[in-house]
Amino acid sequence: MSRIGRLPIAVPSGVDIAIDDSVVTVKGPKGTLTHAVAAPITVEKGDSGALEVKRPDDERKSRSLHGLTRTLINNMVVGVTDGYEKKLEIVGVGYRVLSKGPTQLEFQLGYSHSITFDAPEGITFTVESPTKLGVQGIDKQLVGEVAANIRKLRKPEPYKGKGVRYAGEHIRRKVGKAGK
């Protein structure tokens, strides 16, 4: 049995969960998220108010979807209560970010032009300093995807480490060419 899949999902107070056939809707103080549960998996409300994810058999597909579905629903519950944030750092001389409102950023990343980045629906940006920024939202997958797209604007290069990186990310450095 899946160790993750059999754990009940604790539902904190202030979070409302609606299960309609195979669609789970989680509504909390920060917003609303929905997820369509894959075919063999079922989601039920338990006795103590916690959610339980069940699978009908031990087939390979059922086993693989069991833990995945439980984690996705748990991430939705955490998202509508606390939200998610990814922090990014910019390294390089002259590289910086400017906030043009909570949903728009302007980057100077060593190109001949500045890059304007617009946030999709449900994502907000915070700029702590010209070289540090944060991506916030209630959908974990969307926050990670937006952070990855920002990192893609100028990936950290291995020789000097210049570029956009996740906070705390270690860049493997290469030795430059040997001098005579």
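This is a predicted model: local features need pLDDT of at least 70, side-chain atom pairs count only at pLDDT 80 or more; totals for chains, interfaces and linings use all residues.
**Pocket.** Leu-33, Thr-34, His-35, Leu-72, Asn-75, Met-76, Ile-138, Asp-139, Lys-140 and Gln-141 line it. A pocket here is an open set of points on a 1 Å grid over the protein atoms alone, where a 1.4 Å probe fits, with protein on both sides within 12 Å along at least five of seven lines; lining residues have an atom within 4 Å of a point. I noted a volume of about 170 Å³ for the largest pocket. β3 (31-36), α1 (60-81) and α2 each supply at least two lining residues.

**Conventions.** Residues are numbered from 1 along each chain. Local features need pLDDT of at least 70, side-chain atom pairs pLDDT 80 or more, while totals for chains, interfaces and linings use all residues; side-chain values use heavy atoms, without hydrogens and water.

**Helix α2.** Val-143, Val-146, Ala-147, Ile-150 and Arg-151 are buried. I found that the cover over the buried residues includes β6 (84-91), β10 (123-129) and β12 (163-166).

**Asp-21.** I found a positive phi of about 55° at Asp-21, which is not a glycine. Asp-21 lies in the loop between β1 (16-20) and β2 (23-28). Its relative accessibility is 75%, so Asp-21 counts as exposed.

Note on methods: Buried means under 20% relative accessible area, exposed over 50%, partly exposed in between (1.4 Å probe, protein chains only). Helices (H or I, at least four residues) and strands (E, at least two) are DSSP runs, numbered from the N terminus. Contact means heavy atoms within 4.5 Å. Grid points are joined across faces, edges and corners, and a volume is the space filled by probe spheres set on the points.
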